[in-house]
Amino acid sequence: MQPLKIYNTLSREKELFTPIHENHVGLYVCGPTVYNYAHLGNVRTFTSFDILNRYLLHIGYKVRYVRNITDVGHLVGDGDEGEDKIGKMAKLEKLEPMEIVHRFTQDFHQVLEKFNLLPPNIEPTATGHIVEQIETTKSLIEKGLAYESNGSVYFDIEAYNKNGGNYGHLSGRVIEDLLTETRDLDGVGEKRSPLDFALWKKAAPEHIMRWPSPWGEGFPGWHLECTCMSHKYLGDTFDIHGGGMDLKFPHHECEIAQAKGAYDRAPVRYWMHTNMLTVNGQKMSKSLGNSFLPAELIAGNHPLLDQAYSPMTVRFFMLQSQYRSTLDFSNDALKAAQKGYKKIANGLRIIKKLAYPSDITANPDAAQEKEINDAIQGCYDGMNDDLNTAVAIAHLFTLLKKINSLYTGGLAFESISAETFSNLQRSYISILEDVLGIIEEVPADMNGLTDELLQLYKGFKESRQYDKVDEIRGAFKSAGLLIKDMKNSIDWGYEE
């Protein structure tokens with residue numbers, strides 16, 4: 001098996017993954033700012049890192065997965081001036097900020113649970129680490145890399161670069177160009193340079209969330225929380241930091257500068273970023289009217305949707321593109337994913353039921369065995385090539401053909417060894433469920449009833465009570481399922 005390679009945004013190339021500590025991986029992913037409902041961009045990003053977490057666990061690593069909750073400090077416009085996003089929503093809703101945080105954190109968890117994402121090992125919050133952020137700010141001031149101005153504290157980019165820093169390296173930005181772009185930004189008056197960013201902001205009288213500090217009452221800057229929390233739970237330098245590509249600049253660029261300044265070393269070895277979502281070729285945006293929430297996708301109650309799509313259909317659709325590729329939502333693409341998901345989930349159900357017969361004499365066909373083993377290897381080769389889930393899924397469909405052929409009798413069990421069958425069964429199930437997080441969905445109104453109804457169906461058919469047979473077929477069809485007569489057995493599958 002080829003080794004795992006990861007595309008490192010910092011080096012702009014795929015690199016062999018080698019953890020700092022053997023068999024242990026430290027993973028930090030920037031979590032949501034919980035001021036509104038989780039959106040599809042969140043789902044795509046966190047599904048991508050769910051795959052990373054799952055695959056690292058699958059190939060034997062122990063993973064400490066940290067994903068934060070931003071519950072203060074993220075201002076409207078993502079800059080250093082303006083209202084806090086959570087504070088603004090709290091005023092609009094006439095609620096306490098922590099009521100907003102609680103509501104939308106719960107929504108975030110519920111959405112990710114629907115899409116079968118594993119929870120992180122640690123989920124720290126910005127408000128739970130105010131002390132650490134104040135201490136880091138004090139340290140940066142002492143080192144001459146930050147300064148206080150009118151009750152706020154800013155990171156000094158010029159001083160950082162003079163001390164060996166390279167602000168802009170991650171995102172490929174050039175300092176001179178950035179200075180030109182930011183020349184007219186608000187708030188430059190109390191900064192030494194328009195590029196300097198807030199570590200601590202003085203709270204205006206109307207600002208709801210505020211804490212005491214050596215510089216007066218205020219709140220932490222948005223970028224500081226991730227530096228402090230990743231350092232606390234993963235150490236001075238850890239293995240992987242992930243997030244959406246929109247966070248490369250300024251958020252992750254600022255994280256690197258803060259960490260190098262405070263802890264005198266690069267914080268992360270591998271930086272990973274997911275690509276953006278589009279809808280029918282256009283950027284997903286509320287202003288364009290083409291943005292929809294996960295709940296709308298599942299319910300199908302959005303003008304741009306022809307129908308509802310189940311969570312596993314959406315997850316399967318997302319994994320048909322590699323995480324660094326643009327993902328384009330369209331009804332045609334989702335319908336195709338729905339068909340693909342049903343086929344591959346049907347194979348999952350079948351392979352769990354199949355058993356290698358104990359009363360046969362195997363006469364393995366070398367070509368058949370090679371096709372099966374090559375497809376299994378292909379799944380792992382795809383995953384090891386920067387988590388290329390699209391390649392892995394293509395090889396799973398090759399395995400699916402073998403599973404269906406074994407089930408229908410088109411491929412005799414005798415033509416493969418018991419060992420090859422066991423490898424096929426184990427690999428198909430584990431790659432789908434454990435690595436890709438794809439599980440079988442049965443409509444809620446049919447859950448637990450399918451086996452019982454099939455027995456009734458079989459009895460009615462044998463006694464030629466065809467009116468009852470039709471009733472049971474109708475019940476299955478209304479749930480998007482089909483009853484299939486497979487030679488002497490009766491089974492159910494998904495409607496094509």
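How many bridges join strand 3 to strand 9, and do these strands run parallel or antiparallel? Three bridges join the two strands, which run parallel.

This is a predicted model, in which local features need pLDDT of at least 70 and side-chain atom pairs count only at pLDDT 80 or more, while totals for chains, interfaces and linings use all residues. Residues are numbered from 1 along each chain as its sequence is written, and side-chain values use heavy atoms, with hydrogens and water left out.

View 1. Strands (E, at least two residues) and helices (H or I, at least four residues) are DSSP runs numbered from the N terminus, and two strands pair if DSSP finds at least two bridges between them.

**View 2. Helix 7 (residues 224-234) is mostly covered, with eight of its 11 residues buried.** Buried means under 20% relative accessible area, exposed means over 50%, and partly exposed lies in between (1.4 Å probe, protein chains only). The buried residues are Leu224, Glu225, Cys226, Thr227, Cys228, Met229, Ser230 and Leu234. Their cover includes strand 3 (24-29), strand 4 (62-67), strand 7 (197-202) and strand 9 (238-244), together with helix 4 (130-142) and helix 8 (248-263). Just after helix 7, Gly235 takes a positive phi of about 100°.

**View 3. Helix 1 (residues 40-58) packs with helix 12 (residues 366-384) at an angle of about 125°, with their axes 12 Å apart.** Helix 1 is therefore oblique to helix 12; angles under 35 degrees count as roughly parallel, over 145 as roughly antiparallel, 65 to 115 as roughly perpendicular and the rest as oblique. The axes are lines fitted to C-alpha atoms, for helices over the stretch in contact, and angles run from 0 to 180 degrees between N-to-C directions. Ile51, Tyr55 and His58 in helix 1 meet Tyr380, Met383 and Asn384 in helix 12, where contact means heavy atoms within 4.5 Å.

**View 4. Strand 5 (residues 146-149) and strand 6 (residues 152-155) run antiparallel and are joined by four bridges.** The two strands form a hairpin with two residues between them, and Asn150 in the turn has a positive phi of about 60°. The bridge partner of Tyr147 is Tyr154 in strand 6.

**View 5. A three-stranded open sheet has the order 12-11-13, with mixed pairing.** Strand 12 (282-283) and strand 13 (327-329) stand at the edges with a single partner strand each, so one side of each is left without a neighbour in the sheet. Strand 11 (residues 277-279) and strand 13 run parallel and are joined by three bridges, and Thr278 has Asp328 in strand 13 as its bridge partner.

**View 6. Lys91 lies in helix 2 (residues 85-93).** Lys91 counts as partly exposed because its relative accessibility is 35%. Not counting residues up to four places away in sequence, Lys91 touches Glu83, Glu206 and Ile208. Lys91 and Ile208 are 117 residues apart in sequence, and their C-alpha atoms are 8.9 Å apart in space.
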